[in-house]
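Biologist: Walk me through this model. I want to learn how to read its sheet and its aromatic contacts.

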Amino acid sequence: MERKNLEMGDLTEERRKQIKNLEKDDLRQYQDLVIPVTNFHNEDKGFMVLAGDVFDVPIRKDIVHRVVLWQLAKRQQGVDGSQGTHSTKTISEVSGTGRKPYPQKGTGRARHGTLRGPQFRGGATKHGPKPRSHAFKLNKKVRRLGLKIALSARIAEGKLLVFDDLDIPSHKTKNVVNYVQEMENAKKLLLVDGGPINEKLKLATQNLYYVNVLPSIGLNVYSILLHDTLVMSRDAVNRIVTRMHTPINR
């Protein structure tokens, strides 16, 4: 069977514009960003250069929407691959005898081989709900682009802060409360550190519903969108950039 090659003239005007925009995005030269580095006490800790191809990509709401749907659908999946308590019994699961209720012929009634069928009271349910996985596949390239867009959106809004580190002197919750109050317009905060979370920071934030902590490996689009302010350590930024620049294994 011959394959038909579509020329640009065979495409609609809208589709041609989309292709041209994608080509422009591919050819775009990203510029690195320079952002000041501080800490919980708002002290000057110098500057840091952020990779433009990670923190300054064009905003695509459709990509973010696809990634969030993928995350929420995958989150419904349990450890055993299924999720939910909704369940109905099939004809092999419902309780009852396997005897033929009456002879095949001679009664004038319809032919039946079991009383456990869906047409009988107390019988099986056909096509009923079962615990199942709601996850679907999304390409790694799209998932990675969604994270870049979420980071770019936060830094464009001025809601991405880079700290030298996330070390705090004590595990007291009041310390973190004071730090958050010093930040301007920070209603819900996401702290991202490079490696394992510091035990003091974990204890100090576990009772605050508006402060959450993640390691850099767990940073995701949905968590970024749930918080209006994103705070990352130097180590977390470096690890995220390395992760975004790592070739995708196919």
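Biologist: Which strand do four bridges join to strand 4?

Modeller: Strands are DSSP runs of E, at least two residues, and helices are runs of H or I, at least four, both numbered from the N terminus. Two strands pair if DSSP finds at least two bridges between them. Here, four bridges join strand 4 (residues 189–193) to strand 6 (residues 229–233), and the two run parallel. Val192 has Met232 of strand 6 as its bridge partner. This is a predicted model: local features need pLDDT of at least 70, side-chain atom pairs count only at pLDDT 80 or more, and totals for chains, interfaces and linings use all residues. Residues are numbered from 1 along each chain as its sequence is written, and side-chain values use heavy atoms, without hydrogens and water.

Biologist: What is the strand order of the open sheet?

Modeller: The six strands run 2-1-3-6-4-5, with mixed pairing. Strand 2 (47–50) and strand 5 (211–215) are the edges, each pairing on one side only.

Biologist: How are pairs of aromatic rings described?

Modeller: By the distance of the centres and the angle of the planes. Rings of Phe, Tyr and Trp (its six-membered ring) pair if their centres lie within 6.5 Å; planes under 30 degrees apart count as stacked, over 60 as edge-to-face, the rest as tilted. The whole structure has three such pairs. The Phe40 and Phe163 centres are 5.1 Å apart with planes at 85 degrees, so this pair is edge-to-face. Phe40 and Tyr179 are stacked, at 4.9 Å and 20 degrees.

Biologist: Which residues form one aromatic cluster?

Modeller: Phe40, Phe163 and Tyr179.
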